Amino acid sequence: MCAKELGLDLGPGPVELERAILTRQLGVLAAAVPPAGAGRTAAAAAPEAPAPVPETSGTAGPAAPGAVSPSDVDAPAASDGPAADALPVVRTEGGSRRAFVGRRHELGVLAEAARAALRGGAAALVAGEGGAGKSSLLDRCAAALRSEGWNVVVGRCPDGPGVPAAWAWVEALRDLAGATPPEHVGPLSALLDPDGVAAGPRGDATAGRFRLHAAFTRWLASAAARQPLAVFIDNLHEADEETLALLGRAAAIDGVPLLVVAAYRPGHADTTLAPLMAGLARRDPYRVPLGGLGVAEVATLVRALCGTDVAEEVVTALAERTGGNPFYVGESARLLMGRDPSAAVVGVPDGIRDVVRQRLALLPAEAAAILRLAAVAGAEAHVAVLCAAAGAPAAEVVDALEVCVTAGLLTEPGPGLVRFTHPLLRDTVYSDLSGLRRCLLHGRLAGALEQLRPDARPALALHFTLMRAQIRAGSGDAAARTRRRALDAAQRAGREDLAVAAFTAWTEPTPWLTRSHGTVDRHAVDTLERLTARPGPPPADLARLLQALVDELPGDAGEQARTAAERQLALARRVGDPGLLAAALTTMTKLLPHEAQAARCVPVVAELRELTARHDLPAYRWVCEQVDAMVAAIGNDVEAVERHAREGLAVARRNRMPEAEAEAASLSTLAMLAHAGGRFVEAEGLYGQVRERLVRHNASRAADLHARGVITIRLSQGRIAEIEPLARTLHAAWGARGGEALVLALQGKLEEARAVRFDAVPVPDHFYGVRLGARARLACLLGDTEAAAALVPLLRPVRDRFGSAAAAAFCTRPLALALGEVCALLGDAAGARSAFARAAEVARLWGSPHGEAAAVEGARSLPAPARA
């Protein structure tokens, strides 16, 4: 136009530029126009980009109104750094919108790589762990380049078996062929139409591969010469040999505006990638390592996902626990939606658990075993301790740790130390271990610490208490030994704070005693009494100590236990921690005997239910169901007992509660109901399931609970001869408690029964109802009027109870039946008649034909009342 309208001769330069504009030779234009800020560093040259604003998801889901669904978070990551050229928020190819925060510096590096490519080709490598945001970064960059006139093609390396060779290039080149088809397909047909190529090589395979690579290189160079071309290959760590070879060929092309970007996960297939990485190093590629989001970026992302602001302390905890990994942040944010914020910083979301399990499955068995040991050791561990605890040569342990470091699961924060990359990784590995495995590994680590670092009493005591916590779901005897070792360690070190740690480490509820029935550890009780009397302990620690004291006190320490429980509850209310308050309310429900606690338990459980609903405490929700079942049993509401037992069983299974005893306790309640209803075979089968679950978790009480259940059933069936071996087993385990004497008397061995020594008045413990009924029956069989007279005032307050059903684990006969029998022995026919009538009523409420029959038979045995 200048030449025609103005008559100017502009020379060859402008003419060449005019031709380039008309033919879209953007490479010529880029070479003629220097980039803005030439002569500055890449980061400094990049103008400030506006802060990306998280977009809202267009898909339905559980997120709050205006929030982005966590499933749309394809992992951005961020780090503070210089700004980048503005790359707009874009939709993905599928049309969904994603929250994208931070990543300014990384986008700036890719923008500089694109400018360098315009001057003759460039390559960039994006490296980050799973969930760091590699795919999101490529999507964002691709959209921006397309908006600037680039032709962008993307290929992703699949991780499944049976995928054709170079599949990522098949995907990318199909898109390229749509925009810029090759002049001659020829050898390229293997990439453009792999399904149509006949199986097997034609002629010389090496020569055919050479021709393919040459044609591939010519096509990419030709396409880039027509229009700036960007090729993105994602998931390079899953690439096959041919994909890597073609990537090396593409990255070696120069003289045309071609940008080659590959994203991969460090530590995965490093050996396979090594030749390619060495070749690319000579090209000096732009490197884009993806770190984690900072706290501010985590806050922005969580706000975008939840649709509302989240407390600063929760965001900080999330950032620390997830290491800023955007995928982990997104999955954890799911737990924030409509739930207590503490759930997001304590629980492990299922999505994260699945991803971590997949990563562990890729590890060699030796490395996975050492990683599990490290998880038990804690977030950080000494290599020397791991070597000693592993029981393997140190070189093998170090080799395994190096595999975990290379895989991005562990880091090396200092000499001789390893640390989990994210606390979530450690929590996932640890929570996937069975109680038995945790117990074993804690024991090994405790022994290693005792051997290598005898002065490290806090760490040693912690392992002992953690080990005890695991055993509480299993062996009570081993738990007592573990506790003793922890207390001994504290005593040797002269450190009462370690004794406090030994008693307060376990914070989850457990349905039954943490010690053997009928035994009391006086050393533990004395220590707890001393520790709870000390002035100045933190209120939370004191509350936990009082909880431990109630658990350790004998059944006849009723007033002391009640005082300690009420003191614990007052402290928990003052502290305001939901978990601590739930534990204190649970302690209030454990006061003995159960038969006398219904009025106290009703308001306590009502408050505990409201607390568990507000703060999502599933373990304590199970406690509510179990205690409500006990209260219903005291009130003879059989339908409510079954409803609460089944709901408790569902809660335990639904929340995968680690305590084997939770499920076993609910099953015991159902077994008790079957027994009461005369369904003896069903009841015995359920008690068998109880034993199976407890044996699976190495619980020493498994045989005891099963034996007690079978004994109560045999008593109802009248199969007395089969009871004696079981009774002797209980006698050997717990000492004579009266049961053995009753079995002997029922078989007519009265003199042997009289020779058995036991407390005349039963201890008001978990089996109070069983023992009270057994003592009454034994007194009648032996004609012991003195014992019978002593039992009458004990039986009258509980005459409406169905045996020991208040414990929601076993049942015998209605206690009114026992009262009627002792009244009859004492010559109180009117009292006996009234008691037998009440026994029949209670038996009918429980649908117990054998109980009602026994009550009717007892009434018939009485002399007819005198006529007036």
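Where does Glu412 have its place? In this predicted model, Glu412 is found in the loop that runs between β7 (410-411) and β8 (417-420). The legends below begin with the surroundings of this residue.

**Figure 1. A patch of negative charge on the surface takes in Glu412.** The residues that gather here are Glu366, Glu396, Asp399, Glu402 and Glu412. Helix α18, which spans residues 394-406, makes the greatest contribution to the negative patch, with 3 residues. Glu412 sits instead in the loop between β7 and β8. With a relative accessibility of 60%, Glu412 counts as exposed, because the threshold for that class is over 50%.

**Figure 2. Trp169 and Phe216 form an edge-to-face aromatic pair.** The structure has 3 aromatic pairs by the rule applied. In the pair shown here, the ring centres of Trp169 and Phe216 are 4.9 Å apart and the planes stand at 85°, so the arrangement is classed as edge-to-face. Trp169 belongs to helix α7 (residues 167-179) and Phe216 to helix α9 (residues 205-226); the pair thus links distant parts of the chain, 47 residues apart. Trp169 is buried, its relative accessible area being 0%. Phe216 likewise counts as buried, at 0% relative accessibility.

**Figure 3. Tyr687 and Phe810 form a stacked aromatic pair.** The distance from centre to centre is 5.8 Å, and the angle between the planes of Tyr687 and Phe810 is 20°. Distant parts of the chain are linked by this pair, since Tyr687 lies in helix α32 (residues 680-696) and Phe810 in the loop between α38 (785-795) and α39 (815-825), 123 residues apart. Both Tyr687 and Phe810 are buried.

**Figure 4. A salt bridge joins Lys590 to Asp551.** The structure contains 30 salt bridges. In the one between Lys590 and Asp551, the closest N and O atoms are 3.6 Å apart. Lys590 is located in the loop between α27 (578-589) and α28 (598-615), whereas Asp551 is in helix α25 (residues 539-552), so the pair ties together parts of the chain 39 residues apart in sequence. Asp551 is buried, with 10% relative accessible area.

**Figure 5. A salt bridge between Asp628 and Arg609 connects helix α29 with helix α28.** The closest N and O atoms of Asp628 and Arg609 are separated by 3.0 Å. Asp628 is buried, at a relative accessible area of 16%, whereas Arg609 is partly exposed, at 25%.

How values were computed. Residues numbered from 1 in each chain as written. Predicted model: local features only at pLDDT ≥ 70, side-chain atom pairs only at ≥ 80, totals over all residues. Heavy atoms only, no water. Patch = residues over 30% accessible without salt bridge, like charges linked within 9 Å, V, L, I, M, F, W, Y side chains within 5 Å. Areas by Shrake-Rupley, 256 points an atom, 1.4 Å probe, with all protein chains shown as cover. Salt bridge = Lys/Arg side-chain N within 4 Å of Asp/Glu carboxyl O. Lys, Arg positive; Asp, Glu negative; His and termini not counted. Charge placed at Lys NZ, Arg CZ, Asp CG, Glu CD. Helix = DSSP H or I, 4+ residues; strand = E, 2+ residues; numbered from the N terminus. Buried < 20%, exposed > 50% of the residue type's maximum accessible area, 1.4 Å probe, protein only. Phe/Tyr/Trp six-rings, centres within 6.5 Å; stacked < 30°, edge-to-face > 60°.
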